[in-house]
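This report looks at a few local features of one model.

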Amino acid sequence: MPTNCPRCAETPWAGTSWPNSTDPNWACPQRDNRPRTPRTRHAYCGHDLRDVEFRRVAPEIVEAQVWILELARGASEPSTNSFGGQRFSTREYFDAALTLGKPIMSCQAASDPDAACLEQLLKVKSILCEEDVHAAHSLAVEQSVLTPGTWLLRDGRDLPRSRTNAVIGHLAITPLAEKLSPTAQLTFRVASGCARYPTAHEIPGNHIPLSSIPQVHWTGFRDYTTAKDRAVLSMLLARSGTARPWGHIAFALGLPHEFSRYPPLLIRQIKRSGDWTDTLDQIENQTRELLTGPPPIDYHRRRLQLANPDLTISIARILSTSRTFRAVTPHALAVAIWEVYTGGAAEFATESLYSEDSNDGDLSSARNLVREQWSTIRSNSLLPDLGFGEEPLEWRPP
């Protein structure tokens with residue numbers, strides 16, 4: 001059916017005059033749109049809307065209208081829809097249809113706005129009903145529903161809310177995964193097979209909170225097992241699913257400031273060795289594991305608890321008065337407590353706590369002693385109350 005009355009060209013019942021009309025319901029209730037003069041009230045249009053010629057549309061357009069109405073009804077229910085080989089909630093799927101159909105609002109400027117809106121709706125349906133995401137992406141670009149590059153993210157801090165839709169992220173980014181930079185591949189989590197836009201730092205669900213990441217990675221990947229490599233791997237894990245700047249990640253993990261430029265260097269080294277795809281898969285798998293089963297340790301709180309080296313040294317001196325801890329020096333004990341408790345590496349501790357001249361053998365003995373006597377340390381009444389709680393001393397992902 002057309003939107004406007006064929007006689008007055010107005011939209012019936014769209015104004016404020018129709019409640020005062022005494023004409024039958026089938027008569028156009030809009031006022032005559034002739035030029036108005038002061039203190040003159042024009043008569044109602046009164047055109048018989050039963051005689052309006054309706055447009056015959058193709059069956060596929062009727063199906064598209066039924067499709068969008070069914071999505072609208074199901075958006076409030078806990079149902080899912082399939083797109084590009086992935087399952088999404090109907091609400092998110094419906095939101096994607098509305099977002100991609102935004103050009104419908106500009107169809108009013110077309111010579112035939114009704115036909116233009118129906119055509120746009122048909123395009124959106126053909127894209128979102130496609131099972132192959134690469135084919136859907138090509139179709140969206142071909143039909144000008146998606147402009148290449150416009151849905152990619154340059155700065156996560158300026159991420160618009162409308163671009164956090166998981167369906168659109170899958171449509172716009174997954175087919176371009178191999179063309180993205182390594183950092184962007186981490187940000188969009190392309191290794192999951194369903195790229196998604198990163199969420200804000202304070203919104204959980206798509207990325208690992210910094211409280212679940214130690215300063216140095218638990219085990220490292222492949223041949224990257226030195227303390228420096230493991231620290232950079234922790235930074236890569238912290239970047240997965242977010243647009244956190246490298247400097248922000250280094251600061252949050254308690255690493256020296258120069259580490260903000262190390263991730264690109266390690267990534268370049270991994271890519272040269274041909275291990276980047278495998279490393280990206282390992283980071284994605286660990287991201288998924290830590291999101292479903294987070295560690296029982298709050299590493300961020302622990303880093304803050306022992307951020308003051310003088311406090312750590314005073315704890316070690318108090319413990320050294322006991323015969324149990326006299327086998328190691330108080331300084332080595334302080335470094336070992338900080339390292340084991342926070343999940344860090346001694347070489348990244350502050351200069352007042354650790355120096356390169358420290359005896360590594362003494363430090364290794366101190367680490368073992370801390371692990372063996374942790375229950376004694378935690379229950380020592382002479383130590384400051386740091387709220388050690390019932391968390392395990394250490395944890396490793398399964």
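## R189

R189 is buried, at 4% relative accessible area (buried means under 20% relative accessible area, exposed over 50%, partly exposed in between, with a 1.4 Å probe and protein chains only). R189 sits in the loop between α6 (182-188) and α7 (227-239). Helices (H or I, at least four residues) and strands (E, at least two) are DSSP runs, numbered from the N terminus. R189 is not a glycine, yet its phi is positive, about 50 degrees.

The model is predicted: local features need pLDDT of at least 70, side-chain atom pairs count only at pLDDT 80 or more, and totals for chains, interfaces and linings use all residues. Residues are numbered from 1 along each chain as its sequence is written, and side-chain values use heavy atoms, with hydrogens and water left out.

## T225

T225 also lies in the loop between α6 and α7. T225 is partly exposed, at 43% relative accessible area. Beyond neighbours within four places in sequence, T225 is in contact with T219 and R230 (contact means heavy atoms within 4.5 Å).

## S144

S144 belongs to the loop between α4 (133-142) and α5 (166-173). S144 counts as exposed, because its relative accessibility is 59%. Its phi is positive, near 60 degrees, and S144 is not a glycine.

Strands β1 (residues 80-83) and β2 (residues 86-89) run antiparallel, joined by 4 bridges. Two strands pair if DSSP finds at least two bridges between them. T80 stands opposite S89 in β2.

The two strands form a hairpin with 2 residues between them. In the turn, G84 has a positive phi of about 60 degrees.
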